[in-house]
Amino acid sequence: MSILKVNGVKKVYSTRFGGNRVEALRNVNFEVEQGEYVAIMGESGSGKSVTAYSIMQILQNPGRVVAGSIKFKGQELLGLPHHQLQKIRGGKISIIFQDPMSSLNPVYTIGNQIIEAIKLHPVPRLTNVLKRKISTAKKEYDNALNLYKKKRSKQHLQALSKARENLRHAKYELNNYPYNRALEMLKLVGINEPAKRLKQYPFEFSGGMLQRIMIAMSLVCEPDLLIADEPTTALDVTIQAQILELLKS
Ligand code: ADP
Ligand code: MG
């Protein structure tokens, strides 16, 4: 199935001075199938970034897509209301930028920023399991409570306190989901001692590590489409290879 279908896209920038219109994109056509990597190549200024931003519909001002269509899983993205776009952006489509330093906020810890992203776009596949655990534990607690009220035995009291402990634990797990998921994502992108790392600020990381963190952040929501706009240009050659390997895995 086609995940992304870009058809006849034309984008113009109207400059403030002289009224000249820059045609940044002219008749852009390509498709991305599920499970496929597509590379867009071209010299500097040929419109690679503008294409990426048009798909995400970010950083557009003063540009405007004046023709064509951008379909994500069959749904037209152009002209979609803001709140619907917001759900798709970072929920179903993620982007990694060239310079990880400029994508992260220097005054917040890495943990703060990843956890924020996780809270914004929880993965139902994972949170539903935790919610089901809570409702099962709640039922068991209610049963234990009823039994204890009837029997008033020490044995039933013990069962009740065990059920209460289980319920408490299940709730704790859901509350801790963002933190645990952040730890798991950092491990996934090869960052050691993730608990310690979450407490650190962007300046305490190398460029390669920051880009790993950006990749982790772009994947927290399990997107269907990941757009990478020259994700390795700002990095050393050896680190570039590692990041490409990581993206592939
Ligand atoms: P690439 O990423 O391939 O190096 P870009 O997508 O950044 O190229 O830019 C493509 C063209 O879009 C540029 O040559 C420029 O003319 C135009 N462009 C991009 N942003 C703006 C803007 N804010 N105002 C005017 N023109 C712009
Ligand atoms: Mg670019």
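Predicted model: local features only at pLDDT ≥ 70, side-chain atom pairs only at ≥ 80, totals over all residues.
Figure 1. Asn27 belongs to strand β2. The phi angle of Asn27 is near 50°, a positive value in a residue other than glycine.

**Figure 2. Gln57, a buried loop residue with positive phi.** Gln57 sits in the loop between α1 and β3 (63–72). Its phi is near 55°, which is again a positive value in a residue other than glycine. Gln57 has a relative accessible area of 16% and is therefore buried, the limit being under 20%.

**Figure 3. Gly47 and its neighbour in space, Ala24.** The loop between β2 and α1 holds Gly47. With a relative accessible area of 14%, Gly47 is buried. Gly47 and Ala24 are 23 residues apart in sequence, yet their C-alpha atoms lie 6.0 Å apart.

**Figure 4. A nonpolar patch on the surface.** Met101, Tyr201 and Phe203 make a nonpolar surface patch of about 320 Å². One of these residues, Phe203, is located in the loop between α8 (194–198) and α9 (207–219). Phe203 has a relative accessible area of 63%, so this residue is exposed.

**Figure 5. The largest pocket and its lining.** The largest pocket holds about 1500 Å³ of space. Its lining is made of 38 residues, and those nearest the centre of the pocket are Tyr37, Leu226, Ile227, Ala228 and Leu247. At least two lining residues come from each of β1 (2–14), β2 (21–33), α1 (48–56), α9, β6 (225–228) and α10 (237–248). Sorted by class, the lining of the largest pocket contains 25 nonpolar, four polar and nine charged residues.

**Figure 6. The second largest pocket and its lining.** The space in the second largest pocket is about 920 Å³. This pocket is lined by 30 residues, with Arg89, Gly90, Ala117, Leu120 and His121 closest to its centre. Two or more residues of the lining are given by each of α2 (82–88), β5 (93–96), α4 (110–120) and α9. Among the contributing elements, α4 gives the most to this lining, with four residues. The lining of the second largest pocket is made up of 16 nonpolar, eight polar and six charged residues.

How values were computed:
Residues numbered from 1 in each chain as written. Chains lettered and ligands numbered in written order. Heavy atoms only, no water. Patch = residues over 30% accessible without salt bridge, like charges linked within 9 Å, V, L, I, M, F, W, Y side chains within 5 Å. Areas by Shrake-Rupley, 256 points an atom, 1.4 Å probe, with all protein chains shown as cover. Salt bridge = Lys/Arg side-chain N within 4 Å of Asp/Glu carboxyl O. Buried < 20%, exposed > 50% of the residue type's maximum accessible area, 1.4 Å probe, protein only. 1 Å grid on protein atoms, 1.4 Å probe; cavity = no way out; pocket = protein on both sides within 12 Å on 5 of 7 lines; lining within 4 Å. Points joined across faces, edges and corners; volume = space filled by probe spheres on them. Nonpolar A, V, L, I, M, F, W, Y, C, P; charged D, E, K, R; others polar.
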